[in-house]
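Here is a friendly briefing for anyone meeting this structure for the first time. Take a look at the sequence and the model, then read on.

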Amino acid sequence: MYQSFCSASPTNRTLLKSIQTNLTCSCAAGFEGIACGKVCSPGRYGANCTEPCGQCSGQKVCDPFTGICPQGCSTGYVPPHCHQPMSHLIGGVNTSAVTDSSFTGHISLDPMLMAGTGSVHFYELHYKEEQKLVWTPGCLGQLNGSETYDCSVDGLRPNTSYHVRVLLLDTKMEGFSNVGHISVRTEGERQLSDVVVSDITATSLRVSWTSPGPPNGEFFVMYQCEALLGCPSESCEHAKGTLIVRSQTVVLFDLVPFASYLIMVSRDGESETIGATTLTKVPDAVVSDLQTALVTNETAVVRWRPPLVCALLNGPANNFRWQLLPAVPLGALTPVPERSGSTNNMVLMLRDLESLKAYELRVSIVNAVGNSNKWATLLFNTTNTVPDAPRELAVYRLNATTLWTHWKVPAIPRGVIRHYVVTVLDARSERKDVVSPTSVCPAWPDLVCHQVGGLKPHTEYNVVVQAVNDLGDGLGAPSAVKRATEIGVPQAPKNLLLLETHPRSLVIQWQLPDFINADLSHFEVLVTPLRDEAGRPRREEIEVTEEKPVYVHTITKLKPNTTYKIAVRCGWNGQEAYLRSTSTAAE
């Protein structure tokens, strides 16, 4: 009875075995569930997945069928299943002598004081202060068959509680670390305690401590900058110093803002260390390389770079503040800004300027505290003979390395357009392409098209287009668009129409969408009989070798006098344009 129950109920019979006690069934090793079709969840293995994995390294996951850890064991456990810890002491070190700066003890390898399995070849004593987390290696020795080994540790602090443990190591110098410890307290009196930091500012802090020694004794205070928190790639090793003081407090001046410091106070060979972080303050830096990328009659594009010395930011930069003023002679009163604002970018486009006018632009850096009172300045003059901006600039097609752009000619060219300059900028580079005004789009004859290739995947670009006329070489007002080389979803084709209807065929036409948002290798035409609209449509793939104003396609193999839903999309994932049409009756 139980044989037929175990073999007939589930569909995965090969994964089952019969257990004759209590008339129950169990899944084979590595499987669970009513039909035994589910592999064990991570961290479990064996029949019915009842066994927990051992102490596996990496993701702590073992093989669901065998329980073996594929990446080996966590340190201190025995492969291949990693359940058993390595040989280790369940006792500790026996202390034989303690002074104000050292202790001596012996390690006993009595089998009654050991647990675990596997061969060990070395011992290592570790110690740490009672309140600390990190263990410090003390003495290391090789096991030679003896039952006891002596060990001494020097350089400890007086009147301090320490935890002491012993690890047994294999030939890879690895061992089981979850062992017991003993507590040892050194003798004597500490010369330093209770070191604290207070009154922290961006450039100073106070260090205080207590000491039972003579009030006029000398203390050495050393400090070292460990890291600039806002500039992790820059070193601050130069920001350090040593002071000799006779009081139990000192103020450290001229520190670097928003930096982590390590401070050590020492006296008579004893020392205490503490860390501290200075605060931020408004930046002392200005942007670098402030310049115009282009200037026209009514527009200017300005760009800049981060400051040359990151440390002078005095903390992470949040954004940039700018002011635009009319330029005045040197020594004249500073005029009121005509406009101002803030930006997160290092490119600024100023529009609606007056032609033939001198301007001054100021840029300052803002961090979490506020904006700097130091400004980078730039003087520039607008023109009055260059063309207006190209109209309706757009990126209509793209892939991982190319952007397809198009635009309309300027409304006011102020002459005959000789060519266009297309500037492509990302965060680190800039390139310029010269485009003929005859580079019209095959799909849109009233637009100029340009393909920008050789780009980096998953990167945001600013594309700026300017016209140059026959009155000079000055660049016209810019049009700009921002786009990343990230594939999106194509819009539906436009103006899908039915041209002809026949008993066994239909002729349709459509146009490209305004934004393809991806590359275009083919169109898909989906043909579904209306009575079977919920079923699988017939799919026809139409290769795209060029962009055209209109695409025409004949759908064949239809049934007479049948209504169809016809859908067209760009590629396999585009949005659909669709219509319904009925084939004519057979003649």
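**A first tour**

An unreviewed UniProt entry carries the annotation "domain: Fibronectin type-III" for residues 89-189, 286-388, 389-492 and 493-587; UniProt positions are given in the numbering used here, feature names are shortened, and annotations may be inferred rather than shown by experiment. This is a predicted model, in which local features need pLDDT of at least 70 and side-chain atom pairs count only at pLDDT 80 or more, while totals for chains, interfaces and linings use all residues. Residues are numbered from 1 along each chain as its sequence is written, and side-chain values use heavy atoms, with hydrogens and water left out.

**Confidence**

- The chain has a mean pLDDT of 89, and 95% of its residues reach 70 or more; pLDDT is the predictor's confidence in each residue, from 0 to 100.
- Residues 1-5 have a pLDDT below 50, and this stretch has seven contacts in the model beyond near neighbours in sequence (a contact means heavy atoms within 4.5 Å).
- Over residues 8-22 the pLDDT also stays under 50, with 30 contacts beyond four places in sequence.
- Where pLDDT is low, the predicted coordinates should not be read in detail.

**Two annotated stretches**

- Residues 89-189 are 0% helix and 49% strand, with the end C-alpha atoms 33 Å apart; helices (H or I, at least four residues) and strands (E, at least two) are DSSP runs, numbered from the N terminus.
- Residues 389-492 are 0% helix and 48% strand, and here the end C-alpha atoms are 29 Å apart.

**Strands and sheets**

- An open sheet is formed by four strands in the order S19-S18-S21-S22, with antiparallel pairing (two strands pair if DSSP finds at least two bridges between them).
- Strands S19 (240-245) and S22 (270-277) stand at the edges with a single partner strand each, so one side of each has no neighbour in the sheet.
- Strand S18 (residues 219-228) pairs with S19 over six bridges in the antiparallel sense, and methionine 222 has threonine 242 in S19 as its bridge partner.
- Elsewhere, strand S31 (residues 403-408) pairs with S34 in the antiparallel sense over five bridges, with leucine 403 opposite valine 452 in S34.
- Strand S34 (residues 448-452) is mostly covered, as four of its five residues are buried; buried means under 20% relative accessible area, exposed over 50%, and partly exposed in between (1.4 Å probe, protein chains only).

**A buried loop residue**

- Serine 505 sits in the loop between strand S37 (494-501) and strand S38 (506-511).
- Serine 505 counts as buried because its relative accessibility is 15%.
- Leaving aside residues up to four places away in sequence, serine 505 touches Thr554, Ile555, Thr556 and Leu558.

**Salt bridges**

- There are 27 salt bridges in the structure, each being a side-chain nitrogen of Lys or Arg within 4 Å of a carboxyl oxygen of Asp or Glu.
- In one of them, arginine 305 meets aspartate 289, with the closest N and O atoms 3.3 Å apart.
- Arginine 305 belongs to strand S24 (residues 300-305) and aspartate 289 to strand S23 (residues 288-295), so the pair ties together parts that are 16 residues apart in sequence.
- Another salt bridge joins the side chains of aspartate 514 and lysine 494 (3.2 Å, N to O).
- Glutamate 576 and arginine 569 also form a salt bridge (3.2 Å, N to O); glutamate 576 is partly exposed at 34% relative accessible area, whereas arginine 569 is buried at 17%.
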